[in-house]
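Thank you for making time for this.

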Amino acid sequence: MITATIIMALREIRRNLMRSSLTMLGVVIGVGAVVALVSIGRGATESVTASIASMGHNMLTISPGAARRGGARTPSTPFKMEDVTAIQNDIRGLAAIAPTGSRSLMLVYGNKNWRASVTGTNEDYVRVRNYAVAYGREMSAADVRSGRAVCMLGATTKKELFGSQDAIGESIRVDKISCEVIAVLKPKGEGGMGQDQDDLVIMPLLTFQRRIAGNRDVSTIYVSVDEGRPSSLVKDQITSLMREKRRTARGAEDDFNVRDMAELMATMESTTTALTALLGAIAAVSLIVGGIGIMNIMLVSVTERTREIGTRLAIGATGKEVLMQFLVEAVMLSTLGGCIGVVLGVGGAGIASKYLNIPFVVVPEIIMVAFLFSATIGVVFGFLPARKAANLNPIEALRHE
Amino acid sequence: MTDQAKRALIHMLGVTKVYGKGEAEVRALAGIDLRVDEGEMIAIMGQSGSGKSTCMNIVGCLDAPTSGTYLFRNVNVGELDNNQRALLRRHYIGFVFQGFNLLARTSAQENVELPLVYRRVPAAQRREKAKAALQLVGLAGRESHKPNELSGGQQQRVAIARALASDPSLLLADEPTGNLDSARSAEVMELLVQLNRERGITVMVITHEPEMAEFCQRTVEFRDGRILSDTRKPS
C-alpha cells in the first residue's frame, strides 16, 4: 500500500510538473541556502584556523608595549637578551624560544630594489614560526652565535629580487650591509590578519643588532610551548616573570603584552561559528517560507481535486488513506526539493569557495539536518491540507464542480 | 432466519433522513421500507427532490440514516462509523456516476485498478483483474487510453469496469446515462443487464428516464421522500 501511495504521489507530482517544481522551489532555495552558507562558513573557519596555525604552532608572542587598543601607545622599553635568558631558564615547558629584532628595510640586488621586513633572530625561529626551507641550508646555531652576514629569504622576497634566478650563494644589500643568501623558504601564504608572511628576510640576531639596529634590544619574543602544556598557564608565568624583570609596579598595567595564538584561534573560531550559525538561521527561515508555499499549493490542490477525493472515498478509501496520500505527496515534494537543494547548495558552496579562496568543506551533518528538516516541513505543512482532504464529506465532494 | 432473509442484500425499515435543523429542516426521506434481494436489477425513479439521491447515498453506505434501520448484507449500517462504512464500500459496493468520475490524465487501466489498490491487491493481480474487467465491458486494447482520449460511452464503460474490478455484491449506478446520447445510453444499460444476468451482480440504477427503467425487472418510484410505487415486470 505504501509503495502504491508513493507511486501515486509521484505521478501526481509529475502530472503537474510546472506547479510542482515551482512549489519545490521554496524548499530548494531554503535547503540550498542552508547547506551553501554553512559549508562556506565552515570553510572560512577552517581557512582562518589554518592561517593562524600557519603563523606558529602553539605559539606565544611577547612584545613590548601595552596591549591597549586605540589611543596613544606609550613608548615602552624593549626587551633585553637577559629577559630572553630568564624566560629560557625559569619557565618550564617551552619547546623553543626565538627573540627577534625587526625592521622594514630596503633590499638591493643588482638593479632591483625591494622593501621587506628584516628580522634578526636565532636558529629556532624557523621552527617556532612554522617556516620550512625550500632550498639552501638553514641558518645554524654557529651562524647565530658568531653573527655572520647570512640571510634566508621568504618566497615573495626571493621572487621580487631574483625572479626565477637561483638566489643561493648570491649577495644582497640589506640597508648598509652585504649579506649572503643561504636559503629560500617555502611559501606560507597569508597570515591570520591577511598579511603576506612570505615577504621577509631572516638573519642572525647578533648581525641585526650590531650592523643594522646598532643596539642590543630585542623587540618581539616568539615562544613555542610544548605540546600538551596549556599555553594559558605558560602565558601567565611569562607575564609575572616579565613584570618582575621589568619592575612593573603592583597594580600598574603591563607595559608589554603576551599574545596566545591558541586564544586568538579560539576567538576567531567562535566568531566565525557564530556568523555561520546566524547565516544558517536566516536560511532556515527561508526554508520555513518554502514550507508555507507547499501548504498553499497543497490546499489549492485539495480544492481542485475535491471530486477526485470524493471518488476515492466512494470507492472505499478511508479518511486515513486519503490523509496519507496527500501527506506523502507533500513530503515527496519537500524531500525532492530538499535533494535538489542539497545538490545546489553543495555545488554553490564549491563555486563560492573557489572564488573566496577558502577550502571547500562538505558538512555531512548539515546536509542530513537540512534534508530531514525539509522532510519534516513536508509533514508539518502537508498535514493541514491532507486533513482537509480526509475530512471531506464524500457526498458533497462527489457533487463538487 | 429464513432462506429468504439470507438472500436480502438491502433491507430498509422505516428509514428517514433529515437535513438541517429547526425551520431549515428538510425531510429528504420520510420513512422508507425497501427490500432488495441478491441478483435483482432495480431502477429507482423519481424527480429531483423526490429523495432518490438521498436513498442512493444511504444504500451506498455514503451516509447514515437519521432514524430507522438499514441492513446491508445483514449489517446495521446505522451503527457504523465513517471508517467502517468506507470498508463496506471498498469490499461490497461498486459505484458508477453520472459524470464518470475517472481520474484525469490517468490511463483506463490505472483507473480500473484504483479500488484494487485500496483493497491491497498485489500489483500483478491488480493488472490482471483490471484487464479482465476492461475486456468484459468491451474495451480490450484501450487499457492505456486516458479519459480525454475516450468517448463518453467509453468513459462510462471504464467506470463500470472500475466498479466491477473488485467483484462487488452491489453495483450502484447514479444516473449512469445522464451524460450520454440515447444510443450510448442503451449500450450502457444493456451492459448492466448483461452483468446482472451473467454474473449475478445486484444492480441498482437511479434514473429519471423511464426508458432506462425499462431495462430493469423492478422499478421503485419515489415522491416527496416516500415510495410511490414498486412494480415488477412479469418475468
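This is a predicted model: local features need pLDDT of at least 70, side-chain atom pairs count only at pLDDT 80 or more; totals for chains, interfaces and linings use all residues.

In which helix of chain A is E329(A) found? The answer is helix α11 of chain A, where helices and strands are DSSP runs numbered from the N terminus, a helix being H or I over at least four residues and a strand being E over at least two. Residues are numbered from 1 along each chain as its sequence is written, chains are lettered from A and ligands numbered from 1 in the order in which they are written, and side-chain values use heavy atoms, with hydrogens and water left out.

To return to E329(A), this residue is buried because its relative accessible area is 5%; buried means under 20%, exposed means over 50%, and partly exposed covers the range in between, with a 1.4 Å probe and protein chains only. Its side chain is joined to that of R305(A) by a polar contact of 3.1 Å, a polar contact being a pair of N or O atoms within 3.5 Å, where within protein one must be able to donate a hydrogen and the other to accept it, and where residues adjacent in sequence count only if both atoms are side-chain atoms. If we set aside neighbours within four places in sequence, E329(A) is in contact with A9(A), E12(A), I13(A), M298(A) and R305(A), contact meaning heavy atoms within 4.5 Å.

Staying in chain A, let us turn to the strands. I97(A) lies in strand β2, residues 94–99, and counts as buried because its relative accessibility is 4%. Apart from neighbours within four places, the contacts of I97(A) include V84(A), I87(A), N122(A), V128(A), I221(A) and V223(A). P64(A) itself is placed in strand β1, residues 59–64, and is buried, with a relative accessible area of 19%.

What does chain A look like as a whole? It has 13 helices and 11 strands, and its C-alpha trace spans about 105 × 55 × 35 Å along the principal axes. A compact globule of 401 residues would have a radius of gyration near 21 Å, but chain A has 33 Å; the radius is taken over C-alpha atoms, and the globule rule is 2.2 Å times the number of residues to the power 0.38. Of those 401 residues, 49% count as buried.

Chain B has eight helices and 10 strands, and its trace spans about 50 × 40 × 35 Å. Here the radius of gyration of 18 Å agrees with the rule, because a compact globule of 235 residues would have a value near 18 Å. Buried residues make up 52% of this chain.

Where do the two chains come together in these examples? In helix α3 of chain B, residues 82–92, the buried residues are R85(B), A86(B), L88(B), R89(B) and R90(B), and what covers them includes α10 and α11 of chain A, together with β4, β6 and α4 of chain B. At the start of α3(B), a side-chain oxygen of D81(B) reaches to within 3.1 Å of the backbone nitrogen of N83(B). A further example is N57(B), in helix α2 of chain B, residues 52–59, which counts as buried because its relative accessibility is 6%. Beyond its neighbours within four places, N57(B) is in contact with I395(A) and R399(A), as well as with L62(B) and D63(B).

Finally, I would point out two backbone details in loops of chain B. R73(B), between β4 and β5, has a positive phi of about 55 degrees although it is not a glycine, and it is partly exposed at 36% relative accessibility. F100(B), between β6 and α4, is not a glycine either and has a positive phi of about 65 degrees, but F100(B) is buried, with a relative accessible area of 9%.
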